[in-house]
Amino acid sequence: MQRWTLDLNRPDWRNALEASAVCSAITNGELVAVPTETVYGLTADATNGEACAKIFAAKGRPQFNPLISHVASLADAQRHGEFDSPALDLAKAFWPGPLTLVVPKKKTSTISDLATAGLSTVALRVPEGPVMRFLSEKTGCPLAAPSANRSGKISPTRADDVIADLEPCLSFIIDAGPCSIGIESTIVGLTDGTPRLLRPGGTTREDLQGVLGSSLQGAPTNVQPDAPEAPGMLLSHYAPNAKMSLNACEAVPSDALLSFGPDRVPGADQAYAEFNLSPRGDFAEAAANLFRGMRTLDASGTNTIRVQFIPSFGLGEAINDRLQRAAAPR
Ligand code: TXA
Ligand code: MG
């Protein structure tokens with residue numbers, strides 16, 4: 001595996017990347033880890049079934065769980081999916097950005113059946129992270145990319161997280177530093193005329209409803225673990241090795257504490273280890289730190305991570321969704 005460190009503040013990063021062997025690795029069906037604004041993605045040519053099979057094998061991912069295809073623009077997305085008017089409104093308002101739209105797959109789409117797990121729908125996203133868009137544009141391929149972690153484990157927000165999990169499977173990793181948003185994209189289903197929230201994420205429910213002009217159905221916490229609407233929404237997910245205990249009212253010396261905001265729970269100073277997601281109580285900062293915080297406390301050797309209460313509006317909804325899945329019975 002070759003690690004490519006990319007400084008996105010340098011105006012010539014595109015030339016450097018284009019001159020590298022990364023694009024040909026993708027068109028040759030190899031796996032490349034690519035940063036986006038949400039998390040790092042384990043990336044392959046979505047039109048190449050064999051390359052997509054490598055993603056499932058590397059992650060240890062069940063084959064019924066379809067992949068998101070990343071493209072460079074709405075026009076590219078429309079070559080693969082049918083966009084009704086709410087879908088177009090959402091795409092125009094939030095792309096590029098942390099929003100994935102599940103729409104009917106066009107018969108003429110070249111995205112492989114393995115990427116869509118044989119469904120008649122396709123999950124499409126135009127990420128804000130410019131590296132993924134650039135690679136899609138240069139290779140001419142929609143890029144299948146799940147989060148670059150072993151299935152069920154904590155999502156990666158830094159290159160080192162990816163390397164720890166998946167190094168032997170990769171041809172390249174592009175390291176552009178930590179991801180700015182830090183939790184995955186929001187997924188909205190637009191397959192039957194009624195937009196539905198399939199996974200809370202980096203675009204808030206409130207912002208989506210503002211554009212749709214109506215409230216968004218679909219409460220991911222009601223999803224049945226054996227028949228999830230987005231097949232990846234299995235109840236136990238994002239799991240650290242330590243047990244997670246939510247809404248802790250106090251800290252104890254035997255347990256680590258994942259805290260939030262300036263208010264201290266009783267005993268916080270005696271906790272086994274502590275990570276504050278955002279000492280000033282800012283949701284965006286907490287989202288960006290969430291997976292790193294879980295990894296850091298997990299590495300402290302504690303058996304249990306207690307999590308302070310975090311309100312569930314705005315990005316707090318996605319943060320609580322990930323925490324509930326991390327705490328679910330395994
Ligand atoms: O932010 C993100 O979305 C990241 C970055 C890399 O873009 N990707 C990501 O992918 O989180 P992944 O594979 O970890 O999650 C994709 C989710 C899964 O829950 C999957 O079931 C759902 O999208 N999905 C994909 N295609 C679908 C479809 N046709 N219908 C319903 N759900 C779908
Ligand atoms: Mg994932």
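Student: Where is P96 found?
Tutor: This is a predicted model, and in it P96 sits in the loop between α5 (85-94) and β5 (99-104).

Student: What is the peptide bond from W95 to P96, cis or trans?
Tutor: The bond from W95 to P96 is cis, with omega near -5°. Most peptide bonds are trans.

Student: OK, next one. What is the phi of A117?
Tutor: The phi of A117 is positive, about 50°, although A117 is not a glycine. Most residues other than glycine have a negative phi.

Student: And where is the place of A117?
Tutor: A117 lies in the loop between β5 and β6 (121-125). A117 is partly exposed, with a relative accessible area of 26%. Buried would need a value under 20%.

Student: What about N247, what is its phi near?
Tutor: The phi of N247 is near 50°, which is a positive value in a residue other than glycine.

Student: Where is the place of N247, in a strand or in a loop?
Tutor: N247 is in strand β11, which covers residues 243-248. N247 is partly exposed, with a relative accessible area of 46%.

Student: Changing topic. How many helices and strands does the protein have?
Tutor: The protein has 10 helices and 14 strands. Its radius of gyration is 19 Å, close to the 20 Å that the globule rule gives for 330 residues, so the protein is as compact as a globular protein of that length.

Student: What box do the C-alpha atoms fill?
Tutor: Taken along the principal axes, the box is roughly 60 × 45 × 40 Å.

Student: What percentage of the residues count as buried?
Tutor: Of the 330 residues, 57% count as buried. As for the surface, the protein exposes about 13,400 Å², and carbon and sulfur atoms supply 48% of that area.

Student: How many positive and negative side chains are there?
Tutor: There are 29 positive and 35 negative side chains. The centres of the two sets lie 3 Å apart.

Student: What share of the contacts comes from residues 24 or more positions apart?
Tutor: Among contacts with a separation of 6 or more, residues 24 or more positions apart account for 66%.

Student: Last thing. Which domain does UniProt list?
Tutor: An unreviewed UniProt entry lists "domain: YrdC-like" for residues 16-203. In the model, that span is 28% helix and 20% strand, and its end C-alpha atoms lie 31 Å apart.

Methods:
Residues are numbered from 1 along each chain as its sequence is written. Chains are lettered from A and ligands numbered from 1 in the order in which they are written. This is a predicted model: local features need pLDDT of at least 70, side-chain atom pairs count only at pLDDT 80 or more; totals for chains, interfaces and linings use all residues. Side-chain values use heavy atoms; hydrogens and water are left out. Helices (H or I, at least four residues) and strands (E, at least two) are DSSP runs, numbered from the N terminus. The radius of gyration is taken over C-alpha atoms; the globule rule is 2.2 Å times the number of residues to the power 0.38. Buried means under 20% relative accessible area, exposed over 50%, partly exposed in between (1.4 Å probe, protein chains only). Contact means heavy atoms within 4.5 Å. Accessible areas come from the Shrake-Rupley method with a 1.4 Å probe; for residues, only the protein chains shown count as cover. Lys and Arg count as positive and Asp and Glu as negative; His and the chain ends are not counted. The place of a charge is taken as NZ of Lys, CZ of Arg, CG of Asp or CD of Glu. UniProt positions are given in the numbering used here, feature names are shortened, and annotations may be inferred rather than shown by experiment.
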